[in-house]
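Trainee: Could we go through this model together? I would like to ask about it piece by piece.
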Amino acid sequence: MKELSLHALDIIQNSIAAKATRLDLLLEESGPILTLTLTDNGCGMSPELLARAGDPFTTTRTTRKMGLGLPLLRLSAEMTGGSLSIDSREGIGTRVTAAFRSDHIDCLPLGDMAATLALTIQGAPEVDLLYIHRKDGREFRLDTRQLRRELGAEVSLAEPEVILWIQDYIREQEEALSASSI
Ligand SMILES: Nc1ncnc2c1ncn2[C@@H]1O[C@H](COP(=O)(O)OP(=O)(O)OP(=O)(O)O)[C@@H](O)[C@H]1O
Ligand SMILES: [Mg+2]
């Protein structure tokens with residue numbers, strides 16, 4: 001993985017696969033600490049699965065093949081001196097928290113969060129997505145429930161013109177957020 005936004009896309013896909021209808025993605029930059037937190041209301045994980053989910057090397061040959069999304073995210077976080085934590089309850093949901101030291105030479109660049117969010121909304125326009133990017137006391141917030149209210153019930157968020165507008169809007173707001181810090 002080359003960008004944090006691609007890791008974000010990856011864990012969002014996990015939540016969508018877990019049938020989540022609500023996703024809260026929080027990106028918090030506070031000094032040299034960057035924290036990415038995704039909370040969903042999907043199917044959750046059993047304690048057994050949860051115990052293995054972040055680490056492919058603990059699985060044995062008799063268990064199901066494990067994916068690489070979460071272990072790679074853990075690696076990206078730990079490479080910087082950060083960490084990954086996963087909390088999950090079956091039938092309730094899952095929270096994945098990845099903390100990075102952004103001043104570490106191995107920290108991945110943030111990448112294109114606008115593309116990650118636009119792809120997510122296009123693929124799952126019915127999901128309630130709340131994205132909050134906090135940076136040094138300021139924040140940008142995108143709430144698809146609010147967008148839906150503003151656009152009216154007849155317009156799907158997945159319409160190409162709507163998606164392009166959303167992506168441009170996020171890109172603008174993200175740039176404004178980075179430009180404001182020195
Ligand atoms: N948000 C979630 N809700 C419920 N289960 C999850 C969630 N995230 C991960 N899991 C479970 O943990 C497993 C491992 O996730 P991981 O992202 O590491 O791999 P994957 O999604 O199976 O494959 P890959 O990401 O490599 O395509 C998933 O297969 C799924 O069973
Ligand atoms: Mg995955």
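Trainee: Where does D136 lie?
Mentor: D136 lies in the loop between β5 and β6. Strands here are DSSP E runs of at least two residues and helices are H or I runs of at least four, numbered from the N terminus. D136 has a positive phi of about 45°, although it is not a glycine. Please note that this is a predicted model, in which local features need pLDDT of at least 70 and side-chain atom pairs count only at pLDDT 80 or more, while totals for chains, interfaces and linings use all residues. Residues are numbered from 1 along each chain as its sequence is written, and side-chain values use heavy atoms, without hydrogens and water.

Trainee: And what about K19, is that one buried or exposed?
Mentor: K19 is exposed, with a relative accessible area of 69%; exposed means over 50%, buried under 20%, and partly exposed in between, with a 1.4 Å probe and protein chains only. K19 is found in the loop between α1 and β1, and has a positive phi of about 65° without being a glycine.

Trainee: Changing topic, what is the strand order in the sheet?
Mentor: The open sheet has 6 strands in the order β3-β4-β2-β1-β5-β6, with mixed pairing. Two strands pair if DSSP finds at least two bridges between them. The edge strands, β3 (83-89) and β6 (138-143), each pair on one side only.

Trainee: In which sense do β1 and β5 pair?
Mentor: Strand β1 (residues 22-30) and strand β5 (residues 128-135) pair in the parallel sense, over 8 bridges. Within this pairing, R134 in β5 is the bridge partner of E28.

Trainee: Which strands does helix α4 touch?
Mentor: Helix α4 (residues 113-123) packs on the sheet and touches β1, β5 and β6, where contact means heavy atoms within 4.5 Å. The direction of α4 makes about 170° with that of β5. Such angles run from 0 to 180 degrees between N-to-C directions, with axes fitted to C-alpha atoms, for helices over the stretch in contact.

Trainee: How do α1 and α3 pack?
Mentor: α1 and helix α3 (residues 69-78) pack at an angle of about 145°, with their axes 10 Å apart. In this contact, H7, D10, I11 and N14 of α1 meet G69, L70, L72, L73 and S76 of α3.

Trainee: One last topic: what does L25 touch?
Mentor: Not counting residues up to four places away in sequence, L25 touches I12, L36, T37, L38, M113, L117, L130, Y131 and I132.

Technical notes
Chains lettered and ligands numbered in written order.
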